[in-house]
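Reader: I would like to learn how to read a protein model. Could you walk me through one?

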Amino acid sequence: MNRSKFVGSLVGLAVGDSLGARSEGSFAVEIKEGRLSRYTDDTAMMIGVAESLIECGGLNAEHMAKRFVENYEKEPWRGYGPGPPRIFKMIKQGARWDKALDKELYPGGSFGNGSAMRVAPIALFYRDDPNKLREAAYESSRITHSHPLAMEGAALEAYAIALALNEEKELLDKLIDFTESEAYRRKLESVRKLLPQRQNKRKIVEELGNGVEALNSVPTAIYSFLASSSFESSLIYAVNLGGDTDTIAAMCGAIAGAWWGIEEIPERWREHLENRKYIENLAENLWNMVSG
C-alpha cells in the first residue's frame, strides 16, 4: 500500500462521478473515452467525509453531519437527491443527527446508495481494522441513510476499497465472508456467477441492478471493477451499464483507484477533473495521518 493508492481512490471516485454524470438515468449508453462534467453531490459529500475525518482525527459523526450541512449550503446545486437537503434543514434547525431523521421522510429509513458513494475516506482511514471500518461506515451512513441495506452497502463499499488498497486477490470471497446481510450475500454470489458474462450488459443489469438503491448499485460497482482489467475500462464499463451512472461509476472508481493508484488514471481525465488539487490534498492528508 502507498500514497498513490490513497490519492487514486479519492480522485478515482471523483473521476467516476464526473464521467457518469453526463449519462445519469440512461440505459445502454456507449461511451468509449468519455468527457468529464462537473462533479455531483457524490464527490461533494465524499469531500465532507474526508474533511471531517482530518479535522477530528477520526470519525465524529456529529461534526460530519454539520460539515455536510455547511458544504451543501455553499453548493446546493451539486445535484443532491430530495432526501439529504431536507435532513440538513432538520439538523440546522436543531434536530440530532443520530435520530434516524431519514425515517421522517421514508418508512424504515432510506435504502439508497448515498452513504456508500461517499464512504471512501472512511475506507482509507480504517483500512486495517474491518470491525472499526464497519462501525464507522454504519455511523456515517446513519446521518442520512439509516436503513440496514444502506448501512451495509456503505460498509461493503468501504471494505472493497480497503481490500483493493492491499491488492487482495480474494477480494470477492472476503466481501462475501464480511457481509452480514443475506440479500448482499446473494448479490455477491451473482457477481461471481456473472463474471464470465461481462459482454451481456442487459443480463448484468437484470441481476445486479443499476438503480439508486444500495442493494442494486454497490454490487454492480464491485462487479464493474472485478470484470475489468484497468482503471479506465472499469469506469467505462460502469457508465455503459446505464441507470445511476454517476454513483455506480464513483463507487467503482474509488475501488479501482485504490487498486491501480493515481498513475493509472488517464491523464486526460485527471487534468480535467474539477477541484483535483484539493481532492488530492485531502487524500495526502489522510495518508499522512495513518502512515505516520
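Author: Gladly! Let us begin with a term: helices (H or I, at least four residues) and strands (E, at least two) are DSSP runs, numbered from the N terminus. Here, glutamate 284 lies in helix 15, which covers residues 276-291. The model is predicted, so local features need pLDDT of at least 70 and side-chain atom pairs count only at pLDDT 80 or more, while totals for chains, interfaces and linings use all residues. Residues are numbered from 1 along each chain as its sequence is written, and side-chain values use heavy atoms, with hydrogens and water left out.

Reader: How many helices and strands does the protein chain have?

Author: The protein chain has 15 helices and 0 strands.

Reader: Is glutamate 284 buried, partly exposed or exposed?

Author: Buried means under 20% relative accessible area, exposed over 50%, and partly exposed in between (1.4 Å probe, protein chains only). Glutamate 284 has a relative accessible area of 27%, which means that this residue is partly exposed.

Reader: Which residues does glutamate 284 touch?

Author: A contact means heavy atoms within 4.5 Å. Not counting residues up to four places away in sequence, glutamate 284 touches Arg3 and Val7. A polar contact is a pair of N or O atoms within 3.5 Å; within protein, one must be able to donate a hydrogen and the other to accept it, and residues adjacent in sequence count only if both atoms are side-chain atoms. The side chains of glutamate 284 and arginine 3 make such a polar contact, at 2.6 Å. Glutamate 284 is also 7.2 Å from phenylalanine 6, C-alpha to C-alpha, although 278 residues separate the two in sequence.

Reader: What share of the contacts joins residues 24 or more positions apart?

Author: Among contacts in the protein chain with a separation of 6 or more, such pairs account for 70%.

Reader: And how much of the protein chain is buried?

Author: Of its 292 residues, 61% count as buried.

Reader: What follows helix 12?

Author: Glycine 242 does, with a positive phi near 75°.
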